[in-house]
Amino acid sequence: QVQLIESGGGLVQAGGSLRLSCTASGRTFNSYGMGWFRQAPGKEREFVALTSRSGGSRTYADSVKGRFTISRDNAKNTVYLQMNSLKPEDTAVYYCAAEYLPGYSIGYVPSPHDEYDYWGQGTQVTVSS
């Protein structure tokens, strides 16, 4: 069983920055592809960013490309989402997710449409205009 704990959300003005963190329990963090998703009020959950087991490969939603950066530190069992140039439309609850990928290359990036094995509880990000 893996627990994912997000932190770093909050209230920020448009144009500002936040860094989200997601720390996982367990000893096999580097066997998981990791991702960030978000859900705004009244909308479906959407993919934000994904990274491979090694952290060397990443994909982003078009809406955040060039503004957000996903990274991971396998020694700390933590994945990050650096969010810059925030916009009011980035307001949402942000969720960390993990997909177990033991048989895949360390450079393989999971699909946003995969069934993820574990989810965090979410952290609220609010961007004021």
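A residue is termed buried at under 20% relative accessible area, exposed at over 50% and partly exposed in between (1.4 Å probe, protein chains only). The structure is a predicted model, in which local features need pLDDT of at least 70 and side-chain atom pairs count only at pLDDT 80 or more, while totals for chains, interfaces and linings use all residues. Residues are numbered from 1 along each chain as its sequence is written, and side-chain values use heavy atoms, with hydrogens and water left out.

Rings of Phe, Tyr and Trp (its six-membered ring) were paired if their centres lie within 6.5 Å, with planes under 30 degrees apart counted as stacked, over 60 as edge-to-face and the rest as tilted. The F37 and F47 pair is edge-to-face, because the ring centres are 6.4 Å apart and the planes stand at 65°. F37 belongs to strand β4 (residues 32-39) and F47 to strand β5 (residues 46-51), so this pair ties together parts 10 residues apart in sequence; strands are DSSP runs of E of at least two residues, numbered from the N terminus. Both F37 and F47 are buried. Y104 and Y108, by contrast, form a stacked pair, at 4.5 Å centre to centre and 25° between the planes. Y104 is partly exposed at 44% relative accessible area, and Y108 is likewise partly exposed at 30%.

Ring pairs also link F37, F47, Y116 and W119 into a cluster. The charged end of R45 sits over the W119 ring, 3.7 Å from its centre, where such placement requires NZ of Lys or CZ of Arg within 6 Å of the ring centre and within 35 degrees of the ring normal.

Methods: Helix = DSSP H or I, 4+ residues; strand = E, 2+ residues; numbered from the N terminus.
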